[in-house]
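I set out to record, entry by entry, what I looked up in this structure.

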Amino acid sequence: MNIKELIQWQWNGYVNYHLSRVNLLIHIIAVPLFVLGTVTSLLALVNLNLGVTIMSILLMATSIGVQGFGHAKEELPVVPFSGPIDALIRIFLEQFVTFPRFVISGRWHTALRNKP
């Protein structure tokens, strides 16, 4: 699957894997933290700041861990990764493309509103 197809595949099933109120609330906080960690780690690498790089990578890892906890609250489990490269690609696409699109489209708010 190329990147464009992968983004479409994620989008087509996204709402099915993000129905739990807990998961939705975790994502609205954790995804921006992942993005912040990514940007900060890149800037820290450019500036050769090892301490900030490590802290930023830990922020990214924590964000993914917390999102994993949120996904465990879903009735429908996520499609397993086929390997480490698949995991990295899917995670970064979700954080930088699919979840922001989910929020901007209003589907995040709709999903949150439809939960008791």
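**Entry 1: Salt bridge**

I searched for salt bridges (a side-chain nitrogen of Lys or Arg within 4 Å of a carboxyl oxygen of Asp or Glu) and found that the structure holds one. I note that this is a predicted model, in which local features need pLDDT of at least 70 and side-chain atom pairs count only at pLDDT 80 or more, while totals for chains, interfaces and linings use all residues. Residues are numbered from 1 along each chain as its sequence is written, and side-chain values use heavy atoms, with hydrogens and water left out.

The partners are D86 and R90, whose closest N and O atoms are 3.2 Å apart. Helices are DSSP runs of H or I with at least four residues, and strands are E runs of at least two, numbered from the N terminus. An α-helix has 3.6 residues a turn, so residues three or four places apart point the same way.

I also checked burial, where buried means under 20% relative accessible area, exposed over 50%, and partly exposed in between (1.4 Å probe, protein chains only). Both D86 and R90 are buried.

In soluble globular proteins, nonpolar side chains tend to be buried together.

L24 sits in helix α2 (residues 21-46) and counts as buried at 1% relative accessibility. Beyond four places in sequence, L24 touches H18, L19, F102, W108, A111 and L112. For W108, with neighbours within four places again set aside, I found contacts with L24, L25, I28, F99, F102 and V103.

Is Y14 buried or exposed? I found Y14 buried, at 4% relative accessibility, in the loop between α1 and α2. Leaving aside neighbours within four places in sequence, Y14 is in contact with H27, E94, T98, F99 and F102. The side chains of Y14 and E94 make a polar contact at 2.6 Å. A polar contact is a pair of N or O atoms within 3.5 Å; within protein, one must be able to donate a hydrogen and the other to accept it, and residues adjacent in sequence count only if both atoms are side-chain atoms.

Y14 and T98 are 84 residues apart in sequence, yet 7.9 Å apart in space, C-alpha to C-alpha. T98 belongs to helix α4 and is buried, with a relative accessible area of 1%. Beyond four places in sequence, T98 touches Q10, W11, Y14 and L93.

I listed the buried residues of α1 as L6, I7, Q10, W11 and G13; their cover includes α4 and α5. At the start of α1, a side-chain oxygen of N2 comes to within 3.1 Å of the backbone nitrogen of K4.

I3 lies in this helix, residues 3-13, and is partly exposed at 45% relative accessibility. Helix α4 gives the most to the patch, with five residues.

**Entry 2: Two loop residues**

S20, in the loop between α1 and α2, is buried, with a relative accessible area of 13%. I found that S20 touches K73 and E74, not counting residues up to four places away in sequence.

L48 lies in the loop between α2 and α3 (50-71) and is exposed, at 77% relative accessible area. L48 has a positive phi of about 55 degrees although it is not a glycine. Most residues other than glycine have a negative phi.

Terms used:
Contact = heavy atoms within 4.5 Å.
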